[in-house]
Amino acid sequence: MDTFIQVVLTGFTIGSFYALVALGYTMVYGIVRLINFAHGDLVMVGAFFGWALLQLDWIEGMPMLPRLIVAGAGAVVGTSLLALVLLRTLYTRLIGRSTLGFMLVTLSVAFALEEIVKLIFGAQQKYYPPNDLSSETIDIGGVAVNGMDLVVIGLAGTLMVGMIWFAHRTITGTAMRALAVDHDAARLMGINVSFLIAAAFVIGASLAAITGILSGTYYGRVSFDMGFALGLKAFTAAVIGGIGNIGGAVLGGLTIGLLEAFVQGYLAGAWSDAVIFGALILVLYIRPSGILGERVAERA
Amino acid sequence: MNSNRAVRLGALGLAVSTSLLGLAACGSDDAGGGSGAIKVGVLAPMSGSVSADGEDMVRASKLVVEKVNADGGIDGRKIELVVADDACEAQQGTQAAQKLVTDKVVAVVGGFCSSAALPASEVFHRNGDLPFVASVSSNPKLTDAKYPGITRYIGRDDQEAPVTADYVADLLASKKVAIMNDNTEYSRAVAKSLKENIEKKGTVEIVYDDAIQPGQNDYRAALGRVARDGADTLVYTGFYPEFGILAKQWAQLKPGYRLVGGASSIDATVLTAAPDAVTLPDLSIISYPTASLIQNPQADEFRTEYKAKYDADPGQFGIFQHDAMQGLVAALKADPKKLDAKDLIKRLRDVSFEGITGDISFDDQGDRNAFPFLAVRSVDGKFAPAYSYSPDSGWAATN
């Protein structure tokens with residue numbers, strides 16, 4: 001078994017999860033300059049939407065792949081709707097008015113979501129039904145590659161490229177970048193600000209739901225408290241890469257994934273969180289705005 | 001939060017009112033010498049996250065008591081159970097213990113969470129060493145306090161490490177061992193003690209001693225490192241949620257070493273999390289002799305009676321409560337005229353019988369002289385013992 005390549009592969013898989021979640025932080029930050037601390041828990045909500053859908057009778061007879069796709073689509077829709085409801089009822093009033101208020105409200109929402117899911121589904125971990133992709137492992141040159149490794153890295157890569165394309169090659173994406181530079185000027189140009197804010201939240205929530213479904217499908221288990229630590233590390237990834245910067249979120253996510261794998265594989269697993277947050281401090285000390293820098297749109 | 005406070009206030013109110021009742025009843029009847037029912041306390045978590053285990057303990061107690069009462073009781077007197085809820089926490093445990101003291105029980109059987117049983121044991125000690133027959137609480141401190149009133153029916157946490165060391169070095173004949181913990185206080189302590197016990201053997205080299213961070217989901221890098229370090233056996237001392245994931249990824253990597261789970265790694269969810277891994281001959285999990293695993297005629301009888309009466313399978317730890325209650329009954333019957341604490345605690349220590357959980361007798365600290373362990377793996381979708389351990393003969397294959 002070639003452990004070095006195995007560790008790199010593992011790092012890329014973990015990193016893809018972090019990158020997908022980091023993209024959500026960065027999208028919202030890029031537009032409203034605020035951190036949505038409930039974002040990590042949207043991953044958990046998506047994972048539970050998916051789990052609940054997979055338990056339904058009418059879906060159980062289907063072959064695994066369409067079953068996962070239906071559950072995944074349901075989770076994306078459900079999680080996006082939740083994000084929209086939260087935005088309209090709680091967040092909109094605070095955006096642009098109170099940075100502290102927004103942070104505290106999203107933090108409260110994070111804990112509330114965890115408690116609600118715990119009340120509905122219980123504190124025990126839930127298990128996704130086994131699937132061929134995650135239970136089959138193929139040996140490629142001494143490296144054990146799981147089918148889901150390829151799905152996770154492939155899907156995450158596609159979504160990231162899609163996001164970059166969206167930001168630079170579509171009207172909505174361009175409007176979002178314009179909004180990131182100057183809210184008032186963008187509004188004067190006739191850009192529908194509240195629509196774009198909603199779009200950013202929906203895109204972030206969709207990516208979170210996809211992450212939740214992928215995580216459940218690959219690792220098999222989901223639990224009500226899976227989101228917070230994941231969210232915190234993904235947030236760290238976004239900051240390391242340069243928050244507000246799509247390429248930075250991807251780079252930061254992969255950096256953290258590889259760090260985690262290498263610490264486990266070569267240093268001391270007991271220290272992995274210490275190393276990750278140590279890296280955050282180091283990066284911010286050397287480059288206060290992250291590796292790629294906090295991107296302002298005109299430099300994009 | 002609010003409901004929690006309401007529960008606490010309620011419990012406080014209950015404690016106050018019962019202590020008033022207790023005062024009112026003072027002098028009118030005496031626990032030991034009277035002729036009415038003999039009151040026996042049951043200390044168990046009836047609320048909170050492990051309330052199912054508390055309910056299981058009460059049910060197991062009732063099975064014993066109802067049989068004794070149907071057979072004429074203790075010298076003609078019936079046993080009456082008084083259940084006190086410790087909620088698996090220190091404050092409630094203290095209040096529950098106070099309630100039992102004021103209720104004038106002759107002895108208390110129970111204790112599931114050590115966090116509640118330890119403060120409760122202090123209350124019993126201060127109240128004239130009220131006999132405390134501890135059933136499921138496994139924290140070494142409980143008997144290390146050397147209070148004369150305590151006898152314990154389950155093994156001690158610190159027995160797991162030497163037993164696992166024997167398993168790895170003697171039965172599996174491992175030469176290079178990796179030890180992995182999950183960074184919790186408990187898991188680290190077991191890992192440390194396991195390392196010391198393995199090193200004492202002199203035949204085994206420790207090639208890896210590290211932790212994983214629970215919740216990270218992907219432990220393939222760590223599993224690969226264990227292989228690179230040349231281990232022939234990996235022992236995991238952490239809790240079952242991560243063990244399920246670990247076993248699944250271990251089976252996928254096929255790293256060529258054995259995987260041994262510690263006594264906290266066993267749970268039915270592991271069967272769901274890693275269905276392919278748990279059937280492999282290279283995987284085994286060390287376990288206490290719990291209700292579904294233990295194989296002897298008494299255990300069969302217990303499972304049948306329990307199922308018939310409650311229409312459910314027994315929980316994993318009720319058998320210890322069952323044996324503890326039987327031990328108390330034996331001590332009561334030995335001299336039914338003398339039920340005061342001073343006499344009873346001596347007889348509780350002298351009890352000797354074959355229970356569901358093995359041969360039962362106690363050392364001068366109140367711990368079991370011989371406590372059995374098992375090593376299990378999955379057979380036909382259920383955990384079944386592959387090896388069993390007894391202090392006399394060590395590890396051997398079960399038949």
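Visitor: Which domains of chain B give at least three residues each to the lining of the second largest pocket?

Guide: Domain 1 (4-155 + 295-360) and domain 2 (157-287 + 373-397) of chain B. The bounds come from an automatic or database domain assignment. This is a predicted model, where local features need pLDDT of at least 70 and side-chain atom pairs count only at pLDDT 80 or more, while totals for chains, interfaces and linings use all residues. Residues are numbered from 1 along each chain as its sequence is written, chains are lettered from A and ligands numbered from 1 in the order in which they are written, and side-chain values use heavy atoms, with hydrogens and water left out.

Visitor: What makes a space a pocket, and what makes a residue part of its lining?

Guide: The search runs on a 1 Å grid over the protein atoms alone. A pocket is an open set of points with protein on both sides within 12 Å along at least five of seven lines. A lining residue has an atom within 4 Å of a point. By that rule 28 residues line the second largest pocket. Pro372(B), Leu374(B), Ser388(B), Tyr389(B) and Ser390(B) lie nearest its centre. Strands S11 (353-355), S12 (358-360), S13 (373-379), S14 (382-390) and S15 (394-397) of chain B each give two or more residues. S14(B) gives the most, four. Strands here are DSSP runs of E, at least two residues; helices are runs of H or I, at least four; both are numbered from the N terminus.

Visitor: How is the volume of the second largest pocket known, and what is it?

Guide: Grid points are joined across faces, edges and corners, and the volume is the space filled by probe spheres set on the points. That gives about 560 Å³.

Visitor: How do the lining residues of this second largest pocket divide?

Guide: Into 13 nonpolar, twelve polar and three charged. Nonpolar means Ala, Val, Leu, Ile, Met, Phe, Trp, Tyr, Cys or Pro; charged means Asp, Glu, Lys or Arg; the others, Gly among them, count as polar.

Visitor: Why is a space called a cavity?

Guide: A 1.4 Å probe fits there but cannot get out. Two cavities of 30 Å³ or more pass. H11(A) supplies the largest share, five residues. The second largest cavity has about 40 Å³. Phe124(B), His125(B) and Asp129(B) are among its lining residues.

Visitor: How do you know that domain 1 and domain 2 of chain B are in contact?

Guide: Contact means heavy atoms within 4.5 Å. Five residues of domain 1 of chain B meet that test with four of domain 2 of chain B. The two bury about 340 Å² between them. Buried area is the accessible area (1.4 Å probe) that two parts lose on being put together, summed over both. Ser138(B), Pro140(B) and Gly155(B) lose the most on the domain 1 side, together 75% of what that side buries. The C-alpha centres of these domains lie 34 Å apart.

Visitor: What is the buried area between chain B and chain A?

Guide: About 2,600 Å², with 45% from carbon and sulfur atoms. In chain B, Gln216(B), Arg220(B) and Gln252(B) lose the most, together 23% of what that side buries. The contact involves 29 residues of chain B and 34 of chain A.

Visitor: Why is the pair of Arg221(A) and Glu242(B) called a salt bridge?

Guide: The rule asks for a side-chain nitrogen of Lys or Arg within 4 Å of a carboxyl oxygen of Asp or Glu. This pair stands at 3.0 Å, N to O, so it qualifies. The count between chain B and chain A is two, and between the two domains of chain B it is zero. Over all chains it comes to 24.

Visitor: What does the salt bridge of Asp144(B) and Arg156(B) tie together?

Guide: Its closest N and O atoms are 3.0 Å apart. Asp144(B) lies in helix H5 (residues 141-144) and Arg156(B) in the loop between strand S5 (150-152) and helix H6 (160-171) of chain B, so the pair ties parts twelve residues apart in sequence.
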